[in-house]
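Please read it alongside the coordinates.

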Amino acid sequence: MVRSGAGNVDRVDAITDVAGVRVGHAALTGEGALSGTTVVLVPPGGAVAAVDVRGGGPGTHETDALDPRALVERVDAVVLTGGSAYGLAAVHGVMEWLEERGRGVPVGPVAGQVVPVVPAAALLDLGRGGDFGLRPGPALGRRAVEAASAAAAGAAVAQGSVGAGTGAVAGGLRGGVGSASVCLEGGAVVGALVVVNAAGSVVDPGSGALYGEFYAGRRDVWPRPEVHERARRALDEARATTRSRRGAPAEDGSAAVMNTTLAVVATNADLTRAQVQKMAGTAHDGLARAIRPVHLMNDGDTVFGLALGAHPLAGMAEFNEVLGAAADAVCRAVVNAVRAAEGFDGPGGLFPSWRDLYGPEPGVQDGG
């Protein structure tokens, strides 16, 4: 089913393995800031797009336009951003950049009179850097799309505490951006980009192993018990520190409700919009494998799907493989995000990374 990297020497194990997809990040910097924006850009002409929203508290833009019953079938970009609903303002910078290049839905008698349809979703990271008012806007969106446009075809994707993942946290750990891809024997490629900012945990409480590792070929290893015990105590202390800095009493859950995990799944397969929507829905299975619990009322978990259409499918069997690959890629992307994240200690909270707690090679034992 899956073709290994040995047969595909140019593979970078990221969403950019889908030919034509580019990714750009931009982060808010400076005192009190901890947020950012990520843009997934496709070539002129766009990609067939759909969305599946399963969280109870989504912050989105133009998702209704992606309904299979709606008029516009293709989009030129997808925006993932921090800043909650405020951060959706970053979309306008991306729209302006596209408009300047005549990319969008023609709406006037003169060439270039277009309205770009740019679906977007936001995660809640307000105040994590210390200043509630510092969040993404149009200028940051433009920086992110410019970075995507400048990226080389098939370039590796920066992961961890970058772009929309700058202020992301997962169960008290620093979250972030992760990406992964699956190349199928028939020629279809599926890639995922995930921004992990979850109410649920990415770590198995009994072992310290990342849940997603169990589905990514590492089910037989996990941190040594003494390493996990130290890490567990350190994470509890970090959570208490964060509550204190945010002025929340110990029993107040307000420090833990700033959630939402976002993803974009892209494929080179030639899919209808209904099929792309099915792919986006199946990709949520990858979140469910790597984050527990997921899709809660305080989450806005959203997955966008993109099909670039270069690879005709041989039939239903190959489409099923694409669906399975979407979930696999999302699961591994969550793992990659958490492993690449860097810890943060600031006025908005103390968010250690998984590497801070367990080390780059945390000492493993055979679990068989």
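1. A pocket, in the sense used here, is an open set of grid points with protein on both sides within 12 Å along at least five of seven lines. The model under discussion is predicted. Its second largest pocket holds about 180 Å³ of space. Fourteen residues form the lining of this pocket, and those nearest its centre are Val203, His228, Arg232, Leu235 and Arg239.

2. Which elements give two or more residues to the lining of the second largest pocket? They are helix H4 (225-245) and helix H7 (354-358). H4 supplies the largest share, with six residues. By class, the lining of this pocket comprises seven nonpolar, three polar and four charged residues.

3. Two aromatic pairs are counted in the model. One joins Phe344 and Phe351: the ring centres are 6.5 Å apart and the planes meet at 15 degrees, so this pair is classed as stacked, the cut-off being an angle under 30 degrees. Both Phe344 and Phe351 are buried.

4. The other pair consists of Trp354 and Tyr358, with ring centres 4.9 Å apart. Why is this pair stacked? The planes of the two rings lie at 25 degrees, and the pair therefore counts as stacked. Both residues belong to helix H7, where they are four residues apart, about one turn of the helix. Helix H7 is also one of the elements that give two or more residues to the lining of the second largest pocket.

5. Are Trp354 and Tyr358 buried or exposed? Trp354 has 2% relative accessibility and so counts as buried. Tyr358, at 6% relative accessibility, is likewise buried, because the class takes in values under 20%.

6. Charges placed over aromatic rings deserve a separate entry. Arg135 lies over the face of Tyr86, at a distance of 3.6 Å from the ring centre. Arg292 is placed over the face of Tyr211, and here the distance from the ring centre is 4.5 Å.

Conventions:
Residues are numbered from 1 along each chain as its sequence is written. This is a predicted model: local features need pLDDT of at least 70, side-chain atom pairs count only at pLDDT 80 or more; totals for chains, interfaces and linings use all residues. Side-chain values use heavy atoms; hydrogens and water are left out. On a 1 Å grid over the protein atoms alone, a cavity is a set of points where a 1.4 Å probe fits but cannot get out, and a pocket is an open set with protein on both sides within 12 Å along at least five of seven lines; lining residues have an atom within 4 Å of a point. Grid points are joined across faces, edges and corners, and a volume is the space filled by probe spheres set on the points. Ala, Val, Leu, Ile, Met, Phe, Trp, Tyr, Cys and Pro count as nonpolar, Asp, Glu, Lys and Arg as charged, and the others, Gly among them, as polar. Rings of Phe, Tyr and Trp (its six-membered ring) pair if their centres lie within 6.5 Å; planes under 30 degrees apart count as stacked, over 60 as edge-to-face and the rest as tilted. Buried means under 20% relative accessible area, exposed over 50%, partly exposed in between (1.4 Å probe, protein chains only). A charge sits over a ring if NZ of Lys or CZ of Arg is within 6 Å of the ring centre and within 35 degrees of the ring normal.
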